Amino acid sequence: MSAQGGSTEILARFAVSPARRRRDRLARGCVLTATAIALVPLVLIVYYLLRKGLGSWSASFFTSDPTGNTFFGSSSIGGIKSAILGTIEIVALASAIAVPTGVGVAVWLVEYGRNSWFAHTVRFFVDVLTGVPSIVFGLFVYIVLVVGTGSTYAGYKGSIALSLLMFPVVIRSAEVILLLVPAALRESALALGAPRWRVIFSIVLPTALPGMITGVLLAVARAAGETAPLLFTAASTHGTTFNLGQFMNSLPVQIYNDVISATPAVEHRAWGAALTLVTMILLLNLIARLIARRSRLA
Amino acid sequence: MTPDGPIPEVADVDPESRADFDRQEQSSAEQSREQGPRRITAAATASPPASSAANVEAKPGLSVRLEQLRAFYGSAEQVKGIDLEFRANEVTAIIGPSGCGKSTMVRCINRMHEEIPGARAEGRVMLEDLDVYDPSVDVVAVRRAIGMVFQKPNPFPTMSIFDNVAAGPRLSSRRGGDLRAKVEAALRDAGLWDEVADRLDEPGAGLSGGQQQRLCIARSLAVDPEVILMDEPCSALDPIATLKIEELIDQLKQRVTIVIVTHNMQQAARVADRTAFVLDGKLVEIGPTQEIFTKPTDPRTEEYVTGKFG
């Protein structure tokens, strides 16, 4: 009954048992292994992209169009200028279609539709759309706009296919972010005598902006990397064009074409193009993050 | 529960507070009754040197009368037929246990209740002679006349201190007039000007809780409301910040009518001219604050204010 004995008793009661220590270590080991497994391909992708892609980067790689001439070595195959510009044009038009419309749908769902049956129906179809394979969007646009109109491939048709692909991503991410805007902010703005549309434009959307930019970027990044919807809508071509009504080259389609080429130099160009695509998306991410950070402070 | 019959206590209380009423009559002589339009505030306002310097136009408060007000969430009746008058330029406190419907009742006054999906109200809310639930009434105009301060301070996070206060005039498209002067006057009236004058461009969310709540009060003052509803405005604040808000309420009643919901009975005793006790969606009694706390007519009120339940 000494004080000494009492404190050992207490210690024994509160000490971590060896068995639990082991279980803890095991569990930590498991999640750490999972993380490592997931990291391996990521690191490898970046490694191979850099190792194989950087070699084909040069000034002329970015400033010349592919020639289509693959028989006289790497000096004559040309670069990826038309593919870079084509991707930018096609994705820009696709975003111009999908982002405002998608954000509009999300605003309607959150601010007006709420729990009405129509809102639920819309959400259901948006979810269905999320699961549609990208080639189906390409096929749809091919049937409707290429075969259906009796015309041929064009850049804007690729944009439409990509915008269909972007819709569900934009709508769902914007909806989630809009739901996160505290109801108290809407209420206090409404209580100031602001009409609902002004509350949405001046309070809800600016508050949600940084989050929405992230969602939009996800959609843009996904669209920029898609090959299947472009193969038989925008097709591919060698020359650079700024006319969205014509055949248009794009990075994913050029990568696809180059990879299946028999000429090693052309195959090598695919790596350069892939590295370019990844770098472009990364830059877009960084720029948007900077914008988002600035807008939050303003 | 007699939803259609008038609640007897109400009728009894009004004559009882005669003395109070006389004082009211006096002040209302120089007030709204004669005609609605604005007049220049005299040096009588909250912070005399400030307000007169800014030369703000202000209107006196308006009275609000609830007539058989009932409010529902879906099919659940939360406010069960309340008749109650909030006199112009008085502070009326609403006390009652949690869930008794006092917040809901107050949210019916500026029609915020209907913003909740499935919520609706019945009966009438009279702003002077206007039924704010009349189909021809613009809900936006109602909310400009009847401002609201919420439980948690909620400045707009994307906006600076200045923009927060300017939000009301901007959002309600009531431009015109000098916005800067309006913002300064509102901040002065909310007792915040001296603390933020040199950092109006900083985010409003960077202020302390008490300052944020005064910012929210300034924000609602900037639209020139005639009535301000406060839904437990101090429940998230420490005692010192609370004291500042209470002093503010005392000054503000010279230009607006104030309805304050509070859980804190000492607070009601400190700030309110009259106090209403609400229980289970019904008004138990209303009277001069002093009487409600010292000699209430209804035993339930006595039990509540003496801490026997709630």
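Two strands pair if DSSP finds at least two bridges between them, and helices (H or I, at least four residues) and strands (E, at least two) are DSSP runs, numbered from the N terminus. The model shown in these views is predicted, so that local features need pLDDT of at least 70 and side-chain atom pairs count only at pLDDT 80 or more, while totals for chains, interfaces and linings use all residues. Residues are numbered from 1 along each chain as its sequence is written, and chains are lettered from A and ligands numbered from 1 in the order in which they are written.

**View 1. The open sheet of chain B has 4 strands in the order S4-S3-S6-S7, with antiparallel pairing.** Strand S4 (76-86) and strand S7 (130-131) of chain B are the edge strands, each pairing on one side only. Strand S3 (residues 64-73) of chain B is joined by 8 bridges to strand S6 (residues 119-127) of chain B, and the two run antiparallel; here B:Val64 has B:Leu127 of S6(B) as its bridge partner. Helix H4 (residues 102-109) of chain B packs on the sheet and touches S3, S4 and S6 of chain B, where contact means that the C-beta atoms of two residues, placed from the backbone, lie within 7 Å.

**View 2. S3(B) and S4(B) form a hairpin with 2 residues between the strands.** These antiparallel strands are joined by 8 bridges, and B:Leu69 stands opposite B:Ile82 in S4(B). In this hairpin, B:Gly74 takes a positive phi near 60 degrees.

**View 3. Helix H6 (residues 161-171) and helix H7 (residues 179-189) of chain B pack with their axes 9 Å apart, at an angle of about 110 degrees.** Axes are lines fitted to C-alpha atoms, for helices over the stretch in contact, and angles run from 0 to 180 degrees between N-to-C directions. H6(B) and H7(B) are therefore roughly perpendicular to each other, a term that covers angles of 65 to 115 degrees. H6(B) contributes B:Phe162, B:Val165, B:Ala166 and B:Pro169 to the contact, and H7(B) contributes B:Leu179, B:Lys182, B:Val183, B:Ala186 and B:Leu187.

**View 4. Chain B meets chain A through 23 residues, which are in contact with 19 residues of chain A.** The elements of chain B that give two or more residues to this side are helix H5 (139-145), strand S8 (146-149), H6 and helix H9 (209-221).

Technical notes:
Angles under 35 degrees count as roughly parallel, over 145 as roughly antiparallel, 65 to 115 as roughly perpendicular and the rest as oblique.
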